[in-house]
2 protein chains.
Amino acid sequence: MRHLKDFKFIEGVIRAGSIRKASEDMNITASALNRRINRFEDEFGYEIFERLPRGVRLNPAGELLLHHIRSNRSDFARLKSQVADLSGVRRGHVSVACSQALLPYFLPREISRYRGEHPGVTFSVNARDRVAAERELTEFASDIALVFEPLTMVDFEVVHASAQPIHIIMRADHPLADCEEVRLRDALRFPHIAPSEKFAVRVLLENATRTLTSADVNPLIESESFDFMRHYGQWEDLISFQFPIGLDLEPGAGLVSRPLAERDVAPGSLLLGQLRGRTLPVASARFMRELVVSLSALDN
Amino acid sequence: MRHLKDFKFIEGVIRAGSIRKASEDMNITASALNRRINRFEDEFGYEIFERLPRGVRLNPAGELLLHHIRSNRSDFARLKSQVADLSGVRRGHVSVACSQALLPYFLPREISRYRGEHPGVTFSVNARDRVAAERELTEFASDIALVFEPLTMVDFEVVHASAQPIHIIMRADHPLADCEEVRLRDALRFPHIAPSEKFAVRVLLENATRTLTSADVNPLIESESFDFMRHYGQWEDLISFQFPIGLDLEPGAGLVSRPLAERDVAPGSLLLGQLRGRTLPVASARFMRELVVSLSALDN
DNA sequence: AAAAGCGGTGCGCAAATTGCACCGGCACTC
DNA sequence: GAGTGCCGGTGCAATTTGCGCACCGCTTTT
């Protein structure tokens with residue numbers, strides 16, 4: 001696409017931090033690239049880079065331009081998918097930034113179902129913590145985010161919220177396995193494994209124990225991988241914590257899950273959202289609609 | 001701006017309806033222009049023009065592209081005004097599509113006040129009926145619309161609504177001039193002048209008389225210019241109808257205005273709005289905010 | 001003091017773009 | 001129904017544009 005070439009080069013320079021480095025990345029001479037940048041600044045009417053002794057850096061005007069470039073690129077992608085849409089086959093690309101818990105069961109199921117109806121649509125799915133997910137939205141790197149308890153909500157437009165009570169996962173022969181519902185203090189009496197404070201599960205547990213004098217979150221093992229934690233329970237007899245959407249509906253391998261009592265621990269909010277005010281590409285918008293349906297069904 | 005050149009040419013072709021005509025308008029040979037168009041379609045991956053024996057016309061894909069071009073151009077203009085903004089002086093351009101009634105007093109006052117604070121900001125102000133105003137918003141030809149009772153509201157995002165009871169304008173010595181408030185049937189008994197059905201005033205009057213058997217709108221003179229109608233009353237003793245925002249606060253020249261009783265005629269809605277979901281340029285957004293303040297003050 | 005990186009510039013050459021002349025096709029006219 | 005006027009499209013030569021190379025002046029690093 002001819003008219004995006006300058007933008008491409010500008011992005012390259014931003015990424016590389018210097019014109020010379022960028023020129024190597026992009027198969028062009030530094031002099032030619034330099035002239036492109038200068039010519040662009042000239043036509044644009046404002047400088048967009050600060051010239052430093054060791055390279056270049058965006059100035060405030062450049063930051064604004066960068067945002068425009070990203071937004072423009074995403075608009076153009078949407079245009080293309082709309083055009084492809086009216087020529088028959090539904091094509092397009094959907095990019096999702098989500099919490100880990102969605103990776104093993106929920107999203108594979110949803111995406112495969114969607115792709116069953118629209119085989120032309122491709123996906124990129126990446127695990128991101130709540131801060132990174134929102135940043136990806138603002139940078140147009142992801143269309144859709146699905147995360148627990150996002151922190152800074154300024155650019156995050158919530159499309160659907162769904163309450164997720166924390167479950168504990170343990171062996172089927174664990175003493176707590178018989179309870180319908182587990183009290184927090186009972187759970188914490190047993191040796192357990194927990195994620196770091198980066199994750200909503202841990203934050204909710206800490207919040208809950210803050211008022212509790214008799215118990216404390218005291219994990220024998222901390223990990224950033226829910227997958228690891230869940231599977232670890234098969235080897236050593238520890239309990240772990242997770243949102244139910246991350247669990248298989250019929251857990252095999254001798255593991256069972258039970259909800260923590262909601263009067264002990266506030267349920268987490270799983271929020272589905274997009275960049276505030278953005279018009280999503282057709283494919284992403286449709287997929288989002290189906291996610292809303294599925295998430296609503298889960299709540300009942 | 002280099003990267004908008006193709007778009008410029010495409011718009012030219014759309015406007016002219018044929019490549020050859022467009023080539024004359026834009027100082028380029030038909031062959032070169034033709035090749036640009038073909039190359040663009042090639043890179044874009046889809047044809048955007050139907051080739052007809054007498055020229056070319058946009059196909060559906062081209063319609064989508066055209067919308068993208070317009071939106072893109074307006075985004076770029078906003079970017080520039082943002083950049084200009086952070087370099088000190090507030091610059092930019094605000095375009096307003098509005099009903100006639102706003103032209104004589106309200107908008108001049110508002111705009112001059114705004115330009116007093118921001119002399120770098122330029123304006124374009126055009127009278128448009130309610131249908132045309134909304135179309136201009138969707139085509140990014142206007143940033144802001146200020147109209148009475150717009151019809152199709154799909155793309156019109158209402159920012160402020162303000163009720164405007166219809167007033168009648170007459171000579172100071174008119175028999176009705178003494179009333180605080182005029183009943184509709186009293187007013188219609190006198191010879192009057194009224195706008196055509198294109199205008200909200202007339203529509204509201206017709207709606208009101210539909211249930212009234214004793215009176216009818218029966219103008220001796222119909223006009224599309226409120227300015228004409230108001231001034232005509234100085235020569236022949238006719239009454240005319242208008243929204244109060246179109247009237248000077250202290251009417252000179254022997255004319256007075258009195259409101260029609262609201263129980264007879266529903267007040268008109270003066271709606272301030274923009275294209276749904278669009279992010280306005282800084283200058284337009286700020287001007288809009290000031291309009292909201294002024295309109296709110298009028299309501300009290 | 002030397003070396004290494006950086007952005008920027010002059011110049012010759014290659015590639016992309018343009019203008020010109022012209023083709024075939026369709027519609028309207030006499 | 002032949003003639004005429006536009007239309008989009010194409011081959012080719014002229015021209016403009018953009019590129020790579022060599023090199024400059026500068027600052028930081030070693």
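View 1. At least two residues each are supplied by helix H2 (19–25), helix H3 (30–44) and strand S2 (55–58) of chain A, together with helix H3 (30–44) of chain B, and the largest share, 5 residues, comes from H3(A). Helices (H or I, at least four residues) and strands (E, at least two) are DSSP runs, numbered from the N terminus.

The model is predicted, with local features needing pLDDT of at least 70 and side-chain atom pairs counting only at pLDDT 80 or more, while totals for chains, interfaces and linings use all residues. Residues are numbered from 1 along each chain as its sequence is written, and chains are lettered from A and ligands numbered from 1 in the order in which they are written.

**View 2. Both chains also contribute to the surface near DNA strand D.** Two or more residues are given by each of H3 of chain A and, from chain B, helix H2 (19–25), H3 and strand S2 (55–58), with H3(B) providing the largest share, 5 residues. By class, the surface near DNA strand D has 6 nonpolar, 7 polar and 6 charged residues.

**View 3. Chain A touches chain B.** Here 21 residues of chain A are in contact with 22 residues of chain B, two residues being in contact if their C-beta atoms, placed from the backbone, lie within 7 Å. On the side of chain A that touches chain B, the largest share, 12 residues, comes from helix H4 (residues 60–86) of chain A, and by class that side has 9 nonpolar, 8 polar and 4 charged residues.

**View 4. A rotation superposes chain A on chain B.** The rotation is 180° with 0.0 Å of shift along its axis (RMSD 0.2 Å), the copies being superposed by least squares on the C-alpha atoms of residues with pLDDT of at least 70 in both. The two copies are therefore related as by a two-fold rotation axis, and in chain A the C-alpha nearest the axis, 2.3 Å from it, belongs to His3(A).

Note on methods:
Ala, Val, Leu, Ile, Met, Phe, Trp, Tyr, Cys and Pro count as nonpolar, Asp, Glu, Lys and Arg as charged, and the others, Gly among them, as polar.
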